[in-house]
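Q: Hi, I'm new to this structure and would like to get to know it. Could you walk me through a few spots?

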Amino acid sequence: MKSPLRNLPLVGPIEARYDRQSAFSYACRACCRCCHDKIIHLNPYEVGRLAMNRGITTTEFLSRHTESNGTSLRRDEEGACVFLAPQGCAVHADRPLVCRLYPLGRRVTAEGAERFHELIPHPQTEGEYGTSGTVDAFLSRQGAHPFIEAVDRYIELVARMAAALVAKTGGAGGSQREVGDVMSQLASSDGKDIPDWLDMDLVVGRYCEQNGLIGPTQVEQKLALHIQAIVAWMEAV
């Protein structure tokens with residue numbers, strides 16, 4: 001069936017809440033209307049997947065195809081995703097998590113509770129909603145599970161980075177200069193718009209060189225080393 005919410009304005013989530021066993025199904029009809037006017041946030045794993053898809057390094061990808069300091073996909077002048085091609089998504093096999101989840105959104109509470117909600121669809125969407133499956137089955141069909149694992153690992157990493165910052169600066173008592181010094185060491189961005197720690201290939205390459213390791217070629221292996229390198233980086237600051 002078509003979404004019963006097609007005539008609603010294009011803002012905010014729908015308040016229905018689901019867990020992984022909730023009844024839900026969605027059939028995409030490739031109308032591509034969801035590929036416009038969206039901010040597609042990225043984490044380093046997603047950048048790694050997309051960079052490999054394009055046959056370039058994450059350093060090149062971040063420079064060419066992202067905005068907001070490397071945290072979201074670039075859009076064209078008309079608001080379309082930079083990878084929207086005439087035939088549809090040009091990077092579909094390696095599309096980010098938010099694209100895989102659509103038309104669902106995902107939230108995790110501070111206590112670790114996971115919830116899903118429907119996003120308000122485009123008024124002319126051709127996608128078909130139903131209840132013939134479950135949220136978890138939908139996630140599996142979309143190949144979302146490794147992306148969810150990656151985003152959860154990066155959320156944990158960022159929390160550790162924040163805790164390290166507080167510890168190094170003495171919490172609220174740290175001076176503005178101390179905070180700046182620690183952030184400079186954690187980010188090591190050398191004045192660039194995109195912090196180095198977001199650049200998986202750069203961080204992993206440095207870490208492997210410093211520790212006499214052979215650089216991995218698979219993104220999943222790079223993910224593990226990327227996090228390992230940043231944790232070691234934080235502990236050395």
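Q: Which helix gives the largest share of the lining of the second largest pocket?
A: That is helix 7, with 4 residues. This is a predicted model, where local features need pLDDT of at least 70, side-chain atom pairs count only at pLDDT 80 or more, and totals for chains, interfaces and linings use all residues. Residues are numbered from 1 along each chain as its sequence is written, and side-chain values use heavy atoms, leaving out hydrogens and water.

Q: What counts as a pocket, and as lining?
A: On a 1 Å grid over the protein atoms alone, a pocket is an open set of points where a 1.4 Å probe fits, with protein on both sides within 12 Å along at least five of seven lines; lining residues have an atom within 4 Å of a point.

Q: Which helices supply at least two lining residues each?
A: Helix 7 (200-211) and helix 8 (219-236) do. Helices are DSSP runs of H or I with at least four residues, numbered from the N terminus.

Q: Which residues line the second largest pocket?
A: Val-203, Arg-206, Tyr-207, Gln-210, Ala-229, Ala-232 and Trp-233. They divide into 5 nonpolar, 1 polar and 1 charged.

Q: And what volume does the second largest pocket have?
A: About 160 Å³, where a volume is the space filled by probe spheres set on the grid points.

Q: Switching topic: how many salt bridges are there?
A: The count comes to 12, taking a salt bridge as a side-chain nitrogen of Lys or Arg within 4 Å of a carboxyl oxygen of Asp or Glu.

Q: Okay, what does Asp-94 pair with?
A: Asp-94 forms a salt bridge with Arg-49, and their closest N and O atoms are 2.7 Å apart. The two sit 45 residues apart, with Arg-49 in helix 1 (residues 44-54) and Asp-94 in the loop between strand 6 (88-89) and helix 3 (97-101).

Q: Which residues are linked in a salt-bridge network?
A: Arg-20, Arg-106, Glu-114, Asp-136 and Asp-152. Among them, Arg-106 and Glu-114 meet at 2.7 Å, N to O, and both are buried.

Definitions and conventions. Ala, Val, Leu, Ile, Met, Phe, Trp, Tyr, Cys and Pro count as nonpolar, Asp, Glu, Lys and Arg as charged, and the others, Gly among them, as polar. Buried means under 20% relative accessible area, exposed over 50%, partly exposed in between (1.4 Å probe, protein chains only).
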